[in-house]
Amino acid sequence: MAKKNDKGQHDFIKAPLTPKGAEKVKPVKDNAKIKDLEKNKVDNKGKAFTTNKGLKMAEDEFSLKAGRRGPTLLEDFHLREKIMHFDHERIPERIVHARGVGAHGIFKSTKDMSKYTKACLFSGHNKETPLFSRISTVAGFRGSTDTPRDVRGFAIKFYTEEGNYDIVGNNVPVFIIQDAIKFPDFVHAVKPEPDTEVPQAQSAHDTFWDFVTRNQESAHMVMWQMSDRAIPLSLRMVDGFGVHTFRWINKEGKACFVRYQWNPQLGVHSRVWDETLKVSGNDPDSQRKDMYDAIDEGSYPVWDFCVQILPVEKEHDFPFDILDPTKVWPEEDIPKVKIGEMIFNRNVDNYFAETEQVAFNPGNVIPGIDFSNDPLLQGRLFSYTDTQLLRLGGPNFAQIPINRPVVGVHNNQRDGWHQHMINKGPVAYHKSIIDDQSPYYESPENGGYEHYQEKIDGQVIKARDDSFRDHFSQATAFYKSISKVEQEHIINAFSFELSKVQREEIRQNVVDMFANVDMKMAEEIAKNIGADKPDADRGFDPIGLKPSKEAKKVKMPEFAQANTIFKPDTLKVGIYSDDDDDDFDFKSLVKKIKDNKAKAEIIQGNLKDTKDGQKVDHRYETIHPVLEDALIVVVPEKPSKDFSKNVGEFVDETFKHYKPIWLIGDPEAILDKEQQKAPGVIVSKDMKEIDKFIENLTKQRFWDRDGSI
Ligand code: HDE
């Protein structure tokens, strides 16, 4: 029974805060979530077959019939159970971000940030917190391809000792709209058009581009979407951004604003567009397989986890609104600081149970983290719980193994679909004297969550502030900050997409609008698609404001992919060769490639091992050159018909996608004289060229190669 006060009454003013002797919060172990999931893992190996009720069955191949050729009987509970379950095996796919790949990992803090936040995962050095992450495309259905031109979602769930903390971000730093109320319109515009349900996983259609020109806050993100960032080489080579401004709060209750980003230690790399189209057809699962294989082989992807910190006093010091999700915080003005590393080191055991059922929510926060008034973020806080209620079939989705925290859950919520908890006793309301007023409320000093007490003073109004109305300055700054090659790719991407737009008026509106980003860029696009000369004034929606002088000065060189990290690690070298090439030493070549941390895949006419015992990975027919990052051709003395038939396609595709090539043997009939001298091409039988080849592989693409596309 609860203690009474000195007047002999129960204290009914408030429930006790953190009674003496209450359990202290203990740090979680990095494998805490893995251990937790163990409890739910099922291994059928060597086990007898049972129904879902545990009944062992003598047979699972025939339904119960009245006579061997007679009708099936209703009393066949086994048949009914099996078919009933099968009939309900699908749940609604995510309305956006339906196609994704998940992985377990660890966040390791490398810098103590307790001066700025009391969030447990960021305090202390070398502190490890388990996590689960899901990277996704946005527009495509769950069964679509891995490699459309699209932004990638990048969500992380940290299982901390103070509950789950989710960062639900993207691989680009800005969003397409500023206010959540426009999200359904945007999604309707980018998804397949409702009359025909085409096109799948593509923004190259009328409704998307119509939306863009009618909502010009989209300008900046569209530039990113047309850039190489939207066609990544691998999901292990994408950045992640929290996009919104969040608030951090320290132990003293002092707040600051923050933005998150995490950068891959392998660098940010992309494919070229022609290659991407072919990858989609040749291996629609290429990126999920790439992630799975890398983790499976122990090549764990690692991201540097960084934060930009802004004192609250500086909120209004910039030519853009720091709450605007269509703007980045340029690093020249607000430098980023590395505070940790995020490593993916374990694959899921079951795609549906983990990757499909994981439920992220930007509203899942822990003490030390709070929201800002970014109107996009505010709307998201409502949306995610709502969507999960439908997708996961009831209010108890937080009890699904992948979603449950690694700490205990104690409250008075009860019942609902799929309730797994067995709460004891009669009390299911707060402050009961029967249960000693348990569960008690934790005081903020001891880790109880308390919202930041921001002072709000304003009129109730459906509007946006003028500080959100400049839509073009950062779109221009982004374009100006990237390399010539990246700029060309943007022009090509716009030209491709707009060529698919059927309505001439929409095509013209787009070039007119983007003349406000860069006139030369818009002119090139207009020329490519046969539109009239762009007119920036005609394309400017006066609902926006022209960039101020200050805003025009913003620079963002940090986003040029030309400045990224280059490493040969995990890149794939295809070794194209003939069956039964007795003389060639495949073993040493494969070893040298692997010594440099790259991967070697032998491609031949059939799958029989090479004479020196190397595994052949692919047949000519079952691999396409776009799936390799570089090509070595081992030309035999007397090439077989099969070798000669396919070698042309392998070399041509690799050449025109600017990738490294090494011809070991006679180059005649494979490359013409000009091509043999092209950058990134080696023609030599000398195996010492391996060093030069690895250097080329590290560089990845030779943009100055003539004859490429
Ligand atoms: Fe989401 N978003 N979103 N979003 N979002 C969903 O939640 C929504 C936004 C993002 O791998 C949905 O569980 C609204 C920004 C990711 O499971 C849904 C708004 C950013 C994922 C939803 C936004 C994102 C989602 C669909 C405008 C980047 C996949 C299924 C206010 C910062 C997470 C689901 C995963 C998923 C709503 C805007 C990222 C419908 C209303 C901005 C990575 O609730």
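In which strand is the place of N170? N170 sits in strand β4, residues 163-170. Strands here are DSSP runs of E with at least two residues, and helices are runs of H or I with at least four residues, both numbered from the N terminus. This is a predicted model: local features need pLDDT of at least 70, side-chain atom pairs count only at pLDDT 80 or more, and totals for chains, interfaces and linings use all residues. Residues are numbered from 1 along each chain as its sequence is written, and side-chain values use heavy atoms, without hydrogens and water.

**Around N170**

- N170 counts as buried because its relative accessibility is 7%. Buried means under 20% relative accessible area, exposed means over 50%, and partly exposed lies in between (1.4 Å probe, protein chains only).
- Contact means heavy atoms within 4.5 Å.

**The open sheet**

- An open sheet of 6 strands has the order β13-β12-β11-β14-β15-β16, with parallel pairing. Two strands pair if DSSP finds at least two bridges between them.
- At the edges are β13 (618-619) and β16 (681-683), and each pairs on one side only.
- Strand β12 (residues 599-604) runs parallel to β13, joined to it by 2 bridges.
- Q604 stands opposite R619 of β13.

**Helices on the sheet**

- Helix α15 (residues 586-595) packs on the sheet and touches β11 (572-576), β12, β14 (630-634) and β15 (661-664). The direction of α15 makes about 145° with that of β12.
- Helix α16 (residues 641-656) lies across β11, β12, β14, β15 and β16. Helix α16 runs at about 150° to β14.
- Axes are lines fitted to C-alpha atoms, for helices over the stretch in contact, and angles run from 0 to 180 degrees between N-to-C directions.

**Loop between α3 and α4**

- P199 is in the loop between α3 (183-190) and α4 (206-214). A cis peptide bond links V198 to P199, with omega about 0°.
- A201 lies in the loop between α3 and α4. A201 is not a glycine, yet its phi is positive, about 50°.
- A201 is buried, at a relative accessible area of 5%.

**Loop between α9 and α10**

- P439 is in the loop between α9 (375-391) and α10 (473-481). The peptide bond joining S438 and P439 is cis, with omega about -10°.
- K431 has its place in the loop between α9 and α10. Phi of K431 is positive, near 60°, in a residue other than glycine.
- K431 is partly exposed, with a relative accessible area of 33%.
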